[in-house]
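Trainee: I would like to learn how to read a few side-chain features. Can we go through them one at a time?

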Amino acid sequence: MNRIMECVPNFSEGRDLQKIDQIVAPFRARAGVKLLDYSNDEDHNRLVVTVVGEPEPLREAVIEAIGVAVELIDLNHHQGQHPRMGAVDVVPFIPIKGVTMEEAIALSREVGEEVARRYLLPVFLYEKSATAPHRENLAAIRKGEFEGMAEKIHQPEWHPDYGPAERHPTAGTVAIGARMPLVAYNINLSTPSLEIAHDIAKKIRFIGGGLRYCKAMGVELKDRGITQVSINMTDYTRTALYRAFELVRIEARRYGVSIVGSEIIGLVPMEALIDTASYYLGLENFSMQQVLEARIME
């Protein structure tokens, strides 16, 4: 592939393996498209797919997968720890190689217009594709979730960019846009208290006075009897992963809570991990040019 676009669609299904397989199927064995990763989380009840491809075949694969999800997922019967407003909750396009952010924006708008026409699905453009400043932040669009969107979508400031100004009865709404690479990073805490996890999340996220390129919320992991600070690092080049980790550790200390582990959801840029390793190893004057795999891939 000479022109590579990445897409990381999030679907509101993390438990039914048969449905997950059907949703992922449009990305398999398709010319010009490569399925890199997909992971489902039962607590979040969410599926995250990472796929790359040439813009045109990627466009068709994404549209097809959205159609499958609209057909299979009924949010009236959906419960999970992660906020959601749609069967297909969010569809970001990320320029990787030989394509620009402007092309990613154009592709997101093409996909948005087509899924609205084909599936009667209300579409909000977000991040770099947003048509107004108040629509840039996904959390602002999603506020109220599937249930609240029934009324919210009728407000003039929240009319969708494409599709009917009426929530789809089973599939809700979807946010589609273009953005920088995002790192989904979760930090697990040695406490079952969701209130503590929420308080820590509030302190580390930007909107609460925390890290500039950090979004966070508290999540309960019932099966493990612990909680989690679920984080989206929206620009790892400006806010490093180790800063989020250390700030969670600092804030957890006031509650007598410790970190029991952390996890990456989906794929992560090599540079984000190398930066964190450099910090903890105390490496001096280290650069990506010293990473064997990075030099081989040049």
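Trainee: Is Tyr 280 buried, partly exposed or exposed?

Mentor: Some ground rules come before that. This is a predicted model, where local features need pLDDT of at least 70, side-chain atom pairs count only at pLDDT 80 or more, and totals for chains, interfaces and linings use all residues. Residues are numbered from 1 along each chain as its sequence is written, and side-chain values use heavy atoms, with hydrogens and water left out. Buried means under 20% relative accessible area, exposed over 50%, and partly exposed in between (1.4 Å probe, protein chains only). Tyr 280, at 40%, is partly exposed.

Trainee: How do I read aromatic pairs, and how many does the structure hold?

Mentor: A pair of aromatic rings is described by the distance of the centres and the angle of the planes. Rings of Phe, Tyr and Trp (its six-membered ring) pair if their centres lie within 6.5 Å; planes under 30 degrees apart count as stacked, over 60 as edge-to-face and the rest as tilted. The structure holds 4 such pairs. In one, Tyr 242 and Tyr 279 have ring centres 4.0 Å apart and planes at 0°, so they are stacked.

Trainee: What is the accessibility of Tyr 242 and of Tyr 279?

Mentor: Tyr 242 is buried at 15%. Tyr 279 is partly exposed at 42%. The rings of Tyr 279 and Tyr 280 have centres 5.0 Å apart and planes at 80°, so that pair is edge-to-face. Ring pairs link Tyr 242, Phe 245, Tyr 279 and Tyr 280 into a cluster.
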